[in-house]
Amino acid sequence: MVAAVATVVPTDWRIYAEHSVLAMRLQSVQFYGLALGLISLALGGAVFGARRFSDAVTGPLENLVSVVRNTSVQPSPTALPLMDASTGTVQEAAELIDDVNRMQRRLGESYQQLQNALAQKEALNKELQQLTAKLDQKVRDRTNELMRAK
């Protein structure tokens, strides 16, 4: 048994209450069923909320990470598809996606400029080799003429 005593201040009355400990500990089957149902509902709501959060935030960020990884691995960044910024629901993620897309475009342009510079260098090297060969032939011809003239 549990007993409690309380005093009512203005009248100095004492109130006594007693209740069986066994009755306090035991609850009905409906109470435990309701408690288990509410816990299950809360757990299901948490899983559903986490799934929606994952779709809204984590999904676009994982997509962004895969684009960045593919950009650094692919030999030709101009062939990579750009991300769709409308898939991000969070403003910062959409801005980040736009920044990555701009970076990827600049990288593609730089890659193209580098390819053009290398092609130009190859053409100039080939022309220089031809001019060197021509000059070497002229020097040999002139040397032969001078040898014959002696």
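Is Arg142 buried, partly exposed or exposed, and what is its relative accessible area? Arg142 is partly exposed, with a relative accessible area of 48%, where buried means under 20%, exposed over 50% and partly exposed in between (1.4 Å probe, protein chains only).

The views below show a predicted model, in which local features need pLDDT of at least 70 and side-chain atom pairs count only at pLDDT 80 or more, while totals for chains, interfaces and linings use all residues. Residues are numbered from 1 along each chain as its sequence is written, and side-chain values use heavy atoms, with hydrogens and water left out.

View A. Glu145, at 41% relative accessibility, is partly exposed.

**View B. Arg140 meets Asp136 in a salt bridge.** The N to O distance is 2.2 Å, and about one helical turn separates the two residues because they are four residues apart in helix α3. Arg140 is partly exposed at 44% relative accessibility, and Asp136 is partly exposed with a relative accessible area of 35%.

**View C. Arg102 forms a salt bridge with Asp99.** Their closest N and O atoms are 2.2 Å apart, and since Arg102 and Asp99 are three residues apart in helix α3 (residues 91–149), about one helical turn separates them. Arg102 has a relative accessible area of 41% and is partly exposed, while Asp99 is partly exposed at 39%. A search of the whole structure finds three salt bridges.

**View D. Asp12 has a positive phi.** The phi of this residue, which is not a glycine, is near 55°. Asp12 is placed in the loop between β1 (2–8) and β2 (13–19), and Asp12 is exposed, with a relative accessible area of 61%.

**View E. Leu34, Leu38 and Leu41 make a nonpolar surface patch.** The patch covers about 330 Å², an area from the Shrake-Rupley method with a 1.4 Å probe, for which only the protein chains shown count as cover for residues. Patches are made of residues with over 30% relative accessible area and no salt bridge, like charges being joined within 9 Å and nonpolar side chains (Val, Leu, Ile, Met, Phe, Trp, Tyr) within 5 Å. Leu38 belongs to helix α2 (residues 29–73).

Note on methods
Salt bridge = Lys/Arg side-chain N within 4 Å of Asp/Glu carboxyl O.
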